[in-house]
Amino acid sequence: MQNAPVKSPFPVFDGHNDTLLKLEIDRIKGSERSFFERSTTGHIDMVRAKEGGFAGGLFAMFVPSNPDQDFTKAFNPNDPVNFQPVPQKQAFDFTMRLVERAERLEAESEGSVVICHTPEENQAAIDADKLAVSLHIEGAEAIDTQFYALEEFYKRGLRSLGLVWSRENAFGFGVPMSHPASPDVGPGLTGAGRDLVRACNQLGILLDVSHLNEKGFWDLARITDRPIVASHSNVHSICANSRNLTDKQLDAIKESGGLVGINFHVSFLRPDGSHAQDTALDVIADHAAYLLDRLGEDRVALGSDFDGCAVPKDLGDVTGLGRLMETLDARGFSAEVIEKIASKNWISALRESAA
């Protein structure tokens, strides 16, 4: 039985979703659907977004290791083929398809979807009850080492970038999704990776360290002059998955003025690392409480990974965001802090990165 929608009392601007990829995969599978009609698949469409109070966020553009794979089969995290490097031209073409999909959504929306180029545009869209879309690249395989592609994507609206996904590329090394495991695997950023950090700083593109290994994290921290953001990661001390952040990393994020967006994927939340979706929303609150204590109330946000992960059953999809807010309220979080977690901290982070 599907959960009844519960709308968040505050608009939710979220740090990470894979909805553009999900829509593109549906097209590849021959089951294309309209984003503007209620769906029984995935986590986000326009109807459910309105019901849950989902106001937008960083819409990721991710290139699978095998873009021509049979997407009717479930993703196998233990198959090495799903973590192979992707050639730059192939990644560029696939990423551009996702940019064009976002642009079509905006054009077809009759003004209800806005690709936002500035934090002010994001806030204006939220205030006008429109869906604020900020384009994000997850894994920079589409970027050439001369950064011509970076400039092209920036012109089309790219405002956030993660140098790696959980695989190697020209810029650095990603972490596996292993439990229990340390994020300290593999070498640091390459020379091109260090140059990419500087190029993003110059353009005002937010840099995301989710999926980046620990040595790469520290390389980035030494180079960047902007806030360090983990768009969809959790607390390693609670859940020892290599995708999560150690206390030392959290301290560096705080010192930089950055933030952490809490990932809803159950195996990144649960202390036992299980993929069981029968996971209480209190576990999300556990991570939030730890991060608030470590980082402060201005450095904690949401990074759901909607349409790219297995979320707790009680959340379900965006229509369950109100239940999450009720859980945070029951744990004693003030309305002011919940509102910051829901959207205000992300808008501030984007503003500080673009300054």
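Tutor: Before we start, helices are DSSP runs (H or I) of at least four residues and strands are DSSP runs (E) of at least two, numbered from the N terminus. The model we are reading is a predicted one.

Student: Between which two elements does the loop holding N263 lie?

Tutor: Follow the chain through β8, which covers 259-262, and on to α9, which covers 266-269. N263 falls in the loop that connects them, so defined because strands and helices are DSSP runs. The two elements asked for are β8 and α9.

Student: Is N263 buried or exposed, and which residues is N263 in contact with?

Tutor: The relative accessible area of N263 is 0%, and because buried means under 20%, N263 counts as buried. Leaving aside neighbours within four places in sequence, the contacts of N263 include H232, S233, N234 and R243, and they continue with F268, L269, G303, S304, D305 and C309.

Student: Which residue has a side chain joined to that of E24 by a polar contact?

Tutor: E24 sits in helix α1, residues 19-28, and at 2% relative accessibility E24 counts as buried. Beyond four places in sequence, E24 touches F94, R97, L98 and R101. Among these contacts, the side-chain polar contact of 3.1 Å is the one that joins E24 to R101.

Student: At roughly what angle do the axes of α1 and α3 cross?

Tutor: The axes of these two helices come within 10 Å, and the helices count as roughly perpendicular to each other, because angles of 65 to 115 degrees are classed that way. The contact is made by L20, L21, L23, E24, R27 and I28 of α1 with F94, R97, L98, R101, A102 and L105 of α3. The crossing angle is roughly 100°.

Student: How far apart are the end C-alpha atoms of α3?

Tutor: Helix α3 has 21 residues, 88-108, and at 1.5 Å a residue these should span 30 Å. The expected span uses one less than the number of residues, and the separation in the model agrees with the expectation, at 30 Å.

Student: Which elements do the buried residues of α3 pack against?

Tutor: The buried residues of α3 are A91, F94, T95, M96, L98, V99, R101, A102 and L105. An α-helix has 3.6 residues a turn, so residues three or four places apart point the same way. The elements that the buried residues of α3 pack against are α1, β2, β3, β4 and α5.

Student: What is the handedness of the crossing of α7 and α8?

Tutor: The axes of α7 (residues 214-223) and α8 (residues 247-256) come within 11 Å and cross at roughly 20°, and the two helices are therefore roughly parallel to each other. In this packing E214, F217 and W218 of α7 meet K248, Q249, A252 and I253 of α8. The crossing is left-handed.

Student: What distance separates the C-alpha atoms of S256 and R226?

Tutor: S256 belongs to α8 and, at 24% relative accessibility, counts as partly exposed. Although S256 and R226 are 30 residues apart along the chain, their C-alpha atoms are separated by 7.0 Å.

Methods
Residues numbered from 1 in each chain as written. Predicted model: local features only at pLDDT ≥ 70, side-chain atom pairs only at ≥ 80, totals over all residues. Heavy atoms only, no water. Buried < 20%, exposed > 50% of the residue type's maximum accessible area, 1.4 Å probe, protein only. Polar contact = N/O pair within 3.5 Å; in protein donor to acceptor, adjacent residues only side chain to side chain. Contact = heavy atoms within 4.5 Å. Axes fitted to C-alpha atoms, helices over the stretch in contact; angles between N-to-C directions. Parallel < 35°, antiparallel > 145°, perpendicular 65-115°, else oblique. Left-handed = near helix turned anticlockwise from the far one by under 90°.
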